[in-house]
Amino acid sequence: MKNRPYAITLDVGSSLLNKTGSWRTMKPVYLDRLPPCNNACPAGENIQQWLYHAEENGYEQAWREIMKHNPFPAIMGRVCYHPCEQACNRGDLDQAVGINSVERFLGDQAIKFNWKIEPGKPTGEKVMIVGAGPAGLSCAYHLRRQGHEVTVFEAAPKAGGMIRYGIPKYRMPREKLNVEIRRVQEMGVNIKFNSPVDDTLATKKQGGFDAVFLAVGAQVSKVVDIESDGVTPVLSALDVLRNSENDEPTGLNGRVVVYGGGNTAIDVARTSIRLGALDVHIITVESGEKMPAHEMEVREALEEGVQLMNLRSIHRSEGKTLVLEKMVNTEGEWPQASGQYENFTADVLVQALGQNVNTDLFAEIDGMIINEGTVQVDASMMTGKDGIFAGGDMVPSLRTVTAAIGHGKKAALHIDTWLNQITHEPGPKHEIVNPSMMNTWYYTDAPRTVRPTLDIVRRISGFAEVVGNLDESNAAYEARRCLSCGNCFECDNCYGVCPDNAITKLGQGLRFEFKYDYCKGCGMCAMECPCGAIQMQSESI
Amino acid sequence: MAEAVGLCRPEVICAYPITPQTHIVEDLGVLVKGGQLTDCEFINVESEFAALSVAIGSSAAGARTYTATASQGLLFMAEAVYNASGLGLPIVMTVGNRAIGSPINIWNDQSDSMSMRDAGWIQLFAETNQQAIDVHIQAFKIAEALSMPVMVCVDGFILTHAYEQMDVPDQEQVDHFLPPFEPRQVLDPADPISIGAMVGPEAFTEVRYIAHHKQMQALKVIPQIAEQFKGIFGRDSGGLISTYRADDADTLIVTLGSVIGTISDVIDEMRDKGQKIGAVTIRSFRPFPLDEIYEALKNTRRVVVFEKCLAVGLGGIVASNVRMAHRGLTSPVYAVIGGLGGRPITRASLRELFEKAMIDDLEETTFLDLKQDVVDHEMDREEKFTRPGAIAENVLRQIGVVDVAKTT
Amino acid sequence: MTDQQVKFYQTGTLTAGNRLLDSELRTVQATIDRSNSLDSGHRACQGCGEALGARYAIDAAMRATNNQLIAANATGCLEVFTTPYPESAWRIPWIHSLFGNASAVATGIAAALKVKGENNVRVIAQGGDGGTTDIGFGCLSGMFERNDDVLYICYDNQGYMNTGVQRSSATPGGARTATTMPIGPEPGADFDKGKSVPLIAMAHNIPYVATASVDRLHDLEAKVQKAMSIRGARYLQIFVPCPLGWGFNPASTIQIARMAVESGLFPVFEAEHGEITASTKIRRKVQVEEYLKLQRRFAHVLKNPDQLQKVQNIADSNIRKFGLMSSAGGEE
């Protein structure tokens with residue numbers, strides 16, 4: 001015991017006796033909020049989390065995080081319309097993070113390094129899936145991860161659905177598509193090709209299946225009756241694209257007119273360019289702004305030489321001439337006929353006006369509800385018939401590949417709980433992060449890397465992939481632009497900025513903890529948290 | 001004195017020049033810069049306040065520290081004086097006693113030390129040049145034994161500027177007497193502490209009591225160390241009081257510092273004539289040796305306290321302290337204020353004073369050699385005018401120092 | 001940070017730490033084993049900028065000196081809230097003497113250490129702007145001119161906060177304090193008064209003078225580190241907002257410091273032997289309103305175009321004098 005003067009000299013650490021936590025009226029709490037990208041992803045990916053791994057060059061870990069939800073990152077990195085990027089908060093700072101590019105990079109890394117996913121322990125349950133498109137394959141994948149036995153019945157000679165037969169090679173290289181599908185098969189998913197299912201219930205019974213997932217898609221072309229003398233051939237978009245896929249003659253020669261304003265119309269137009277059509281026009285009733293086709297697709301198409309004629313409907317076909325009626329924009333949803341006509345020369349007309357579901361297959365099944373051309377399902381993706389689930393384009397849907405993947409996953413989850421006779425209670429949804437919850441000063445300025453695009457000439461002369469890839473150095477760069485909205489990324493700011501040293505750093509990967517004994521509730525931690533992962537809550541006194 | 005301080009192996013010396021202590025510090029500076037005094041940092045500070053503050057820092061870091069000042073300088077560092085004793089730092093400081101302004105006066109009186117008498121420092125007064133040397137050496141030991149700062153008071157010019165043959169001890173003796181400084185508490189990264197807390201009402205009284213109690217302990221420590229000193233150096237140069245021919249005295253003169261030299265001469269003269277007069281010299285003014293003084297005074301018929309300082313509005317400072325020691329005794333205590341601002345104290349004046357004392361023909365408080373006519377004239381003048389003007393200047397005119405014709 | 005195009009670190013060096021950065025590029029504050037020289041349980045107000053600045057500076061100094069540090073503190077908020085008997089929040093050897101003598105006490109400690117041959121133990125003197133620019137000014141100047149081996153850190157919250165928010169010579173023009181109330185024809189503190197101690201320190205020709213702000217942690221730590229690598233008198237002035245005295249929500253302390261720097265009102269720079277050697281560039285310049293509007297002490301200034309212009313002029317003049325805008329226009 002030192003001979004220290006009374007009261008004048010104090011020992012170190014004696015202030016720890018003073019629990020200043022009793023001062024506060026507000027209390028900081030660490031939260032995991034919902035990043036807008038995660039919220040926007042139809043497949044339900046935890047984008048923030050896999051970007052977190054990618055930031056550290058943990059590519060395999062990042063890929064595995066994607067694979068928890070979406071089995072086809074290499075595909076999605078090419079065909080997804082990335083609603084995540086539209087929601088991305090970084091867009092408010094400079095530009096949205098190139099999530100799609102990074103996903104594609106990770107998907108390609110997985111292919112390059114041959115990363116695999118193991119199926120779960122066998123459960124003894126058997127599930128039948130009709131249709132090996134994105135919805136069906138996604139459902140198959142997720143069910144295999146849970147250990148169920150899965151058999152997929154596919155009518156076409158190859159798997160892939162609309163990805164293969166609807167999206168051209170220049171957007172989705174077939175080698176990559178095949179690898180991703182094969183990965184699912186290697187998990188033990190049995191795909192029977194050239195096997196259309198006419199009687200679902202019979203097939204189910206025959207195969208001894210415990211549950212069914214229907215994912216036949218919307219493969220019936222919508223055709224509009226146009227008065228025609230038969231000179232100009234009228235084709236359907238789906239047929240054309242399928243022929244192109246199978247390397248069979250498509251009939252797209254000379255002056256090609258594509259009738260329709262959606263993505264399929266664009267796909268047909270751009271395919272026509274590559275197959276050597278003389279010129280290609282897209283004719284559509286909608287105005288430029290209201291065209292359903294994706295902006296990116298339209299832009300690329302125009303760059304390649306496709307021409308666009310908005311606000312026209314095709315009245316009739318006479319010889320090599322199409323008579324077009326001009327449409328006028330109105331207040332309402334649909335433009336009005338103006339009564340004015342013009343002539344247009346065409347060698348072939350392709351109708352790309354939408355796709356319908358062949359609901360006849362299911363009309364006989366007891367309990368199935370078919371409404372407005374689609375099969376109705378409840379929140380668990382189950383149809384009116386117990387044990388029969390459905391998803392993808394055949395149910396009410398956004399009709400994107402991503403949405404289909406999301407359906408497949410959701411259905412797999414519910415099939416699993418249905419098979420196990422348990423009910424699944426989804427957790428409460430976390431608060432979505434908006435920029436006002438964040439402190440964006442802390443993010444360094446960095447523009448978005450732009451994916452290299454092929455030269456126009458190279459693009460239109462073949463089916464080589466149009467949009468190139470990020471390489472390893474700039475993929476990490478791009479991932480690091482992520483603000484990590486609402487989720488702590490261990491920047492140490494709260495730990496550094498607390499005047500009372502009231503935060504414990506737990507270690508790499510373990511985040512932080514508040515010392516509530518000492519926290520005075522000033523709120524600096526919450527204010528200086530770049531990503532909005534701290535909230536000040538009222539203290540109960 | 002510089003040599004004596006040097007022998008004590010101070011580690012840090014910091015001082016600001018002020019008459020009359022300047023050459024002590026200058027001499028020390030020469031010793032350091034010339035290499036005779038090794039392991040010593042000499043710092044030229046920018047004020048007395050800084051001087052004592054540097055000393056506080058240095059002592060708290062475990063170095064034996066010394067400084068010196070006087071008069072205005074002591075007052076300028078007043079805040080630090082209280083601080084040093086409050087923190088319990090064994091700093092030794094020489095005060096070359098000098099009057100305090102205004103009016104500015106560079107000559108000797110003891111007002112400066114007196115102004116700091118209650119600050120918690122030990123105050124030792126030297127009577128002779130030899131004692132001045134010896135007391136400094138003892139001061140370090142006393143300070144470090146008690147962890148309390150010590151002020152060594154030496155009459156300015158009289159003791160600071162004298163040339164006299166002294167017995168300066170040698171280094172070996174001093175080292176034997178004064179071991180290296182072992183601080184009670186020290187700033188050390190290996191064992192961190194926080195010195196200088198804010199103490200509130202709940203503990204402040206106790207802290208002050210402890211400070212007082214410690215000083216009271218010094219009443220034992222000071223004589224002990226004086227004994228030890230005598231043992232090694234052979235001289236009686238310390239302790240709480242000294243007496244001169246006091247045993248059978250009817251009249252006792254109580255005083256401090258160098259004036260005892262003149263007083264003892266007068267006592268000798270008077271003793272030769274058979275007058276029973278003696279003196280008691282207070283060596284330790286703080287702590288005030290109440291019991292020792294009581295013992296010394298108890299058998300005498302009258303006490304005359306001769307002091308070179310003044311409590312404006314009260315009278316004698318030392319006299320008030322002595323009266324407290326004198327409690328219960330019936331003999332009168334007369335206060336005599338003399339030598340203010342360096343006014344010479346003559347044997348003739350003292351003899352006259354003592355004669356009067358012996359017949360109890362003294363006021364309670366007397367100013368020795370006061371120029372009554374000047375004072376009377378000034379009082380008259382003040383009564384006549386509502387705005388009397390500067391007092392000192394008027395007095396100077398009165399006594400003819402300032403030519404009236406040239407300034408009006 | 002090397003090649004910005006290839007290596008990009010999300011928050012770079014803007015946040016306290018960053019798991020993507022090499023550990024040498026992170027701050028002392030981001031490490032699990034930081035000294036916490038100023039520990040929890042002290043009685044500072046919620047959101048106190050000075051408590052933060054002190055921990056930042058002292059922890060950095062502890063790291064730089066390998067934990068061989070002694071500090072002398074002037075009277076003021078920092079001293080009062082850290083050492084009320086019986087609690088001390090300090091983990092380093094520390095002494096508090098008086099209001100005006102922190103630099104002199106530090107000089108004494110440095111001298112004692114030198115005599116004892118403890119060359120690796122270093123000394124810091126610290127105090128608020130009151131104890132530095134006003135009452136401690138004499139001792140500070142003495143320490144500078146003697147070039148004593150002391151780093152003096154001034155925590156500048158622009159007023160005597162401990163005694164109830166009175167004006168000091170560091171109080172900026174227009175500011176409301178208890179002794180410069182916003183009444184009368186010249187509300188708030190006078191514009192033609194005050195002094196810049198960093199510039200005065202530079203005039204003493206001491207080896208190192210710098211200013212820093214609690215919102216720029218990396219910069220602050222680098223400066224402390226640099227200061228401790230130099231022997232002789234050094235001066236560091238840290239801008240520390242005071243929620244109670246300036247009238248703002250305690251959560252905004254860092255934001256306010258940031259606005260002070262980004263508007264140019266508090267120039268962040270370094271000087272050696274009387275010449276400016278570097279200045280920290282403004283990242284995203286703002287007009288002074290962005291800073292003033294956050295504090296109640298300037299509420300009247302915002303309504304007074306004349307005063308507002310004076311404040312803007314000060315900011316503009318700082319930008320010019322200290323070269324606070326980079327030619328590239330941005331900063332990393």
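What is the mean pLDDT of chain C, and what share of its residues reach 70 or more? This is a predicted model, in which local features need pLDDT of at least 70 and side-chain atom pairs count only at pLDDT 80 or more, while totals for chains, interfaces and linings use all residues. Residues are numbered from 1 along each chain as its sequence is written, chains are lettered from A and ligands numbered from 1 in the order in which they are written, and side-chain values use heavy atoms, with hydrogens and water left out.

Back to chain C: its mean pLDDT is 92, and 96% of its residues reach 70 or more (pLDDT is the predictor's confidence in each residue, from 0 to 100). Helices here are DSSP runs of H or I with at least four residues, strands are runs of E with at least two, and both are numbered from the N terminus. Residues 1-6 of chain C are another story: pLDDT stays under 50 there, and the model has 12 contacts for them beyond four places in sequence (a contact means heavy atoms within 4.5 Å). For the complex, the predictor gives an ipTM of 0.92 and a pTM of 0.89.

## Chain A in outline

Chain A comes to 20 helices and 23 strands. Its C-alpha atoms fill a box of roughly 115 × 55 × 45 Å along the principal axes. Of its 541 residues, 57% count as buried; buried means under 20% relative accessible area, exposed over 50%, and partly exposed in between (1.4 Å probe, protein chains only). Among the contacts in chain A with a separation of 6 or more, 71% come from residues 24 or more positions apart.

Asn190(A) is partly exposed, at 35% relative accessible area. Leaving out residues up to four places away in sequence, Asn190(A) touches Val150(A), Thr151(A) and Val152(A). Ala140(A) is 50 residues from Asn190(A) in sequence, and their C-alpha atoms are 9.2 Å apart in space.

## The second largest pocket

The second largest pocket has a volume of about 1400 Å³. The search runs on a 1 Å grid over the protein atoms alone: a cavity is a set of points where a 1.4 Å probe fits but cannot get out, whereas a pocket is an open set with protein on both sides within 12 Å along at least five of seven lines, and lining residues have an atom within 4 Å of a point. Grid points are joined across faces, edges and corners, and the volume is the space filled by probe spheres set on the points.

The lining has 32 residues, with Pro103(B), Leu340(B), Arg343(B), Leu370(B) and Val395(B) nearest the centre. Helix H14 (372-384) and helix H15 (391-398) of chain B are the elements giving two or more residues to this lining, and H14(B) makes the largest contribution, 5 residues. By type, the lining splits into 21 nonpolar, 6 polar and 5 charged residues. (Ala, Val, Leu, Ile, Met, Phe, Trp, Tyr, Cys and Pro count as nonpolar, Asp, Glu, Lys and Arg as charged, and the others, Gly among them, as polar.)

## Aromatic pairs

Over all chains there are 26 aromatic pairs. Rings of Phe, Tyr and Trp (its six-membered ring) pair if their centres lie within 6.5 Å; planes under 30 degrees apart are stacked, over 60 edge-to-face, and the rest tilted. One pair is Tyr6(A) with Tyr85(C), edge-to-face at 5.8 Å centre to centre and 65° between the planes. Tyr6(A) lies in the segment before strand E1 (9-11) of chain A and Tyr85(C) in the loop between helix H2 (77-82) and strand E2 (94-96) of chain C, so this pair joins two chains.

Phe239(C), Trp246(C), Phe248(C) and Phe266(C) form one aromatic cluster.

Two cis peptide bonds come in a row in chain B: Gly101(B) to Ser102(B), with omega near 5°, and Ser102(B) to Pro103(B), with omega about 5°. Ser102(B) is in the loop between strand E4 (92-97) and helix H6 (111-115) of chain B.

Arg511(A), in strand E22 (residues 511-514) of chain A, has a positive phi, near 65°. Arg245(B) has a positive phi too, near 50°, and lies in the loop between strand E8 (241-244) and strand E9 (251-256) of chain B.
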